Amino acid sequence: MIRVSVLYANGPGVRFDHDYYRDRHMPLLKSRMGDACKHYTVDRGLAGGAPGSAAPFVAACHIHCDSLASFQAGFGPHAAEILADIPNYTDVTPVVQISEVVAG
């Protein structure tokens, strides 16, 4: 199992429409990827590790797939459409990390 984490850095003046992301963007991604996306979660940043500090990320999503190959097969053909939707909810360039899930 792999997890594709898409992280949106927080900062002064960052624009991020959480409702659009949750209700439109992620369902678009799931509908295009089909069964290649086993499930996904969406996070809203609340705070940093130190008391009173801001969250380092305004939002994140985590997409779970059986393998890197299945993610690439599900996402690749629809990448242009999915990525073109980003300006509809944020002005932040996302950071992507693909990880092997080793526990949980």
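I started with Val-96, which counts as exposed at 51% relative accessibility. The cut-off for exposed is over 50%, so Val-96 makes it into that class. Worth noting before I go on: this is a predicted model.

I looked up where Val-96 sits and found it in strand E4, residues 95-100. Val-96 also belongs to a nonpolar surface patch with Leu-68 and Ile-98, and the three have about 250 Å² of accessible area together.

Next, the helices. I checked how H1 (residues 18-33) packs on H2 (residues 68-75): the angle is about 105° and the axes are 8 Å apart. That makes the two helices roughly perpendicular. On the H1 side I listed Leu-29, Arg-32 and Met-33 as making the contact, and on the H2 side Phe-71, Gly-74 and Phe-75.

Then I went to His-18, which is in helix H1. Is His-18 buried or exposed? I got a relative accessible area of 15%, so His-18 is buried. Skipping residues up to four places away in sequence, I found His-18 touching Arg-44, Val-58 and Ala-59.

Salt bridges came next, and I counted 4 of them. I took Arg-22 and Asp-19 to begin with: their closest N and O atoms are 3.1 Å apart. Both residues lie in helix H1, 3 residues apart, about one turn of the helix. Arg-22 also pairs with Asp-23, with closest N and O atoms 2.8 Å apart. I have Arg-22 down as partly exposed at 40%, Asp-19 as partly exposed at 42% and Asp-23 as partly exposed at 46%.

I then looked at Glu-81 and Arg-32, a salt bridge with closest N and O atoms 2.8 Å apart. Glu-81 is in helix H3 (residues 79-84) and Arg-32 in helix H1, so this pair ties together parts that are 49 residues apart in sequence. Glu-81 is partly exposed at 36%, and Arg-32 is partly exposed at 32%. Back to the shared partners: I noted that Asp-19, Arg-22 and Asp-23 are joined into one network.

Last, I checked Met-1, in the segment before strand E1 (2-9). Met-1 is partly exposed, with a relative accessible area of 44%. Leaving out neighbours within four places in sequence, I see Met-1 in contact with His-64, Cys-65, Asp-66, Ser-99, Glu-100 and Val-101. I also took the C-alpha separation from Met-1 to Ala-55, which is 28 Å for residues 54 apart along the chain.

Terms used: Residues are numbered from 1 along each chain as its sequence is written. This is a predicted model: local features need pLDDT of at least 70, side-chain atom pairs count only at pLDDT 80 or more; totals for chains, interfaces and linings use all residues. Side-chain values use heavy atoms; hydrogens and water are left out. Patches are made of residues with over 30% relative accessible area and no salt bridge: like charges are joined within 9 Å, nonpolar side chains (Val, Leu, Ile, Met, Phe, Trp, Tyr) within 5 Å. Accessible areas come from the Shrake-Rupley method with a 1.4 Å probe; for residues, only the protein chains shown count as cover. A salt bridge is a side-chain nitrogen of Lys or Arg within 4 Å of a carboxyl oxygen of Asp or Glu. Helices (H or I, at least four residues) and strands (E, at least two) are DSSP runs, numbered from the N terminus. Buried means under 20% relative accessible area, exposed over 50%, partly exposed in between (1.4 Å probe, protein chains only). Axes are lines fitted to C-alpha atoms, for helices over the stretch in contact, and angles run from 0 to 180 degrees between N-to-C directions. Angles under 35 degrees count as roughly parallel, over 145 as roughly antiparallel, 65 to 115 as roughly perpendicular and the rest as oblique. Contact means heavy atoms within 4.5 Å.
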